[in-house]
Amino acid sequence: MNVVVVDDDPLVRLVLAKAVTGLGHVSLPAETGEEALQLVERQPVDVVISDWMMPGMTGLELCQHIRGRDSMEYVYFMLVTALDDSEHALAGIAAGVDDCLVKPVRPFDLRLRLMVAERVTDLHRRLAERQRGLERTNVDLAATARQDPLTGLGNRLRMNEDLEIFKSRRDRYHEPFGVALFDIDHFKSLNDAAGHQAGDKALQRVANVVRRQLRLADQAYRYGGEELLVVLPAGVRRVAAAADRIRKAVEQEAIPHPGRPGPETVVTLSVGVAAAEGDIETFLMAADAALYQAKSQGRNRMVVAGRWFALPELAASS
Amino acid sequence: MREHRGTATDIGASPETERPPVDETVIEQLASITDGQGLSVLSELLNAFLLAVPARLEALQTAVAGGDLSSVAHQAHSLTGSAASFGARGMADLCRLLRAAADRGDLGASRVLVGAVLDEFVRVRSWLVAFGSRT
């Protein structure tokens, strides 16, 4: 162990330091509490053996400083008091001291106390390690709990949390955003003709195309069975442009769609777009209604909810 | 320091002293401290004690001669710890009394006690030297 030995008396310090070294530990002698604190801050220290009465910082103050640090590493603190000083010993233990030794310290006593100190610091170290492990697991679990395992996109939980954040930014900083709700056309026929595994595969490929089309601030989620929601921090015109770009990219990916009715043979998407106005529920319903319209108008197309402006550039290109 | 040496040596050598100036069990404990090779560091510790204390006693004399009682109190406290660590109980007790005298501002008692501490150290030194030649 690394053991800091603090005493203003050079001879007492020498005896303690020699005893600590003789027991196989590394002794770090300090003349004052201030010096000891610097040692503790500069390197890993397992134990501090400190005199109570010293000019400047007392042993008790040193202990309080060490306990006040924001550190996971535990420092075992031993206070050395005079024989008739049970009051100081009591105050010390109450203030965070682990053990009290009586002056003059007998080397054999020191050996016993350091064995205890080693056991306690080892326990603290293992607890700190376990704590760090748990924190890592928690972070991993939190991410896993918010991810759709099939597509790797965010799930509904993640979507709900993110939408709240988007919404609060919109309300506070007037940052507009919009949503695009995608649905794979005739997905049931794909599952029926080629099996659910083929359906899952197609869904994964669609998700990959969507992911590639997103910019850093955009988010995509698996909304339901074969429905994906994309959230983009932009005005509805740009949201619509991005949504239609995604729709075309999926079509160009030419993912086979066995069993599909009609002339098409590849996977296509219908999409409903809505500006995020009002409550979350309100604009999600608007996007859903627009998606329904896109379906009923013949699929593989986009409809923008409550469109009160023209989108000539989109109309011309589709 | 020097002016006390004559008397002190007489006391240290006097055979009628009942209690030895040094508690041998403490020295035995110090003898159990070893270095990295498992060898006792006792002689190193005793040498450090015998070398360091005279200079500190001189400083104590200077402080009491100058009437600096707060310095006397501080030094006496520090010497208490040193003496006790080496088993010099009588010297530690005298240092404790000196500290108390200095704390209550009693310069006369402080002077007397500094003299007593010096005398006691000479006894301690003789004992340690004799112990060293015995082992």
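1. Burial is used here as follows: a residue is buried if 20 or more other C-beta atoms lie within 10 Å of its own, exposed if 12 or fewer, and partly exposed in between, with C-beta atoms placed from the backbone. Helices (H or I, at least four residues) and strands (E, at least two) are DSSP runs, numbered from the N terminus. The model is a predicted one: local features need pLDDT of at least 70, side-chain atom pairs count only at pLDDT 80 or more, and totals for chains, interfaces and linings use all residues. Residues are numbered from 1 along each chain as its sequence is written, while chains are lettered from A and ligands numbered from 1 in the order in which they are written.

2. Strand β9 (residues 269-275) of chain A is largely enclosed by the rest of the structure, because seven of its seven residues are buried. A:Leu269, A:Val271, A:Val273 and A:Ala275 point one way from β9(A), and A:Ser270, A:Gly272 and A:Ala274 point the other way.

3. Strands are taken to pair if DSSP finds at least two bridges between them. On that basis β9(A) is joined to strand β6 (residues 178-184) of chain A by seven bridges, and the two run antiparallel. Within this pairing, A:Leu181 has A:Gly272 as its bridge partner, and A:Ile184 has A:Leu269. Three bridges also join β9(A) to strand β10 (residues 302-304) of chain A, in the parallel sense; here A:Val273 is partnered by A:Val304.

4. Attention is drawn to the handedness of the unit made by β9(A), helix α10 (residues 280-296) of chain A and β10(A), a β-α-β unit that is left-handed. A crossover is called right-handed if, with the strands pointing away from the viewer, the path from the first strand over the helix to the second runs clockwise.

5. Strand β6(A) is likewise largely enclosed by the rest of the structure, since seven of its seven residues are buried. One side carries A:Gly178, A:Ala180, A:Phe182 and A:Ile184, and the other A:Val179, A:Leu181 and A:Asp183; both faces are covered. Six bridges pair β6(A) with strand β8 (residues 227-232) of chain A in the antiparallel sense, with A:Val231 as the partner of A:Val179.

6. Four of the five residues of β1(A) are buried, so this strand is largely enclosed by the rest of the structure. Five bridges pair β1(A) with β2(A) in the parallel sense, and A:Asn2 has A:Val26 as its bridge partner. The chain passes from β1(A) through α1(A) to β2(A) in a right-handed β-α-β crossover. β1(A) is also parallel to β3(A), over four bridges, with A:Val3 opposite A:Val47.

7. In helix α2 (residues 33-42) of chain A, the residues A:Gly33, A:Ala36, A:Leu37 and A:Val40 are buried. Seen down the axis of α2(A), the buried residues fall within an arc of 100° and so line one face of the helix; the arc is that of the directions from the helix axis to the C-beta atoms. They pack against β1 (2-6), β2 (26-30), β3 (47-51) and α3 (59-67) of chain A, where contact requires C-beta atoms, placed from the backbone, to lie within 7 Å.

8. Which numbers of residues do chain A and chain B bring to their contact? Chain A brings 17 residues and chain B 19 residues. On the side of chain A that touches chain B, α1 (10-22) and α5 (107-144) each supply at least two residues, and α1(A) gives the most, with eight residues.

Note on methods. Contact = placed C-beta atoms within 7 Å.
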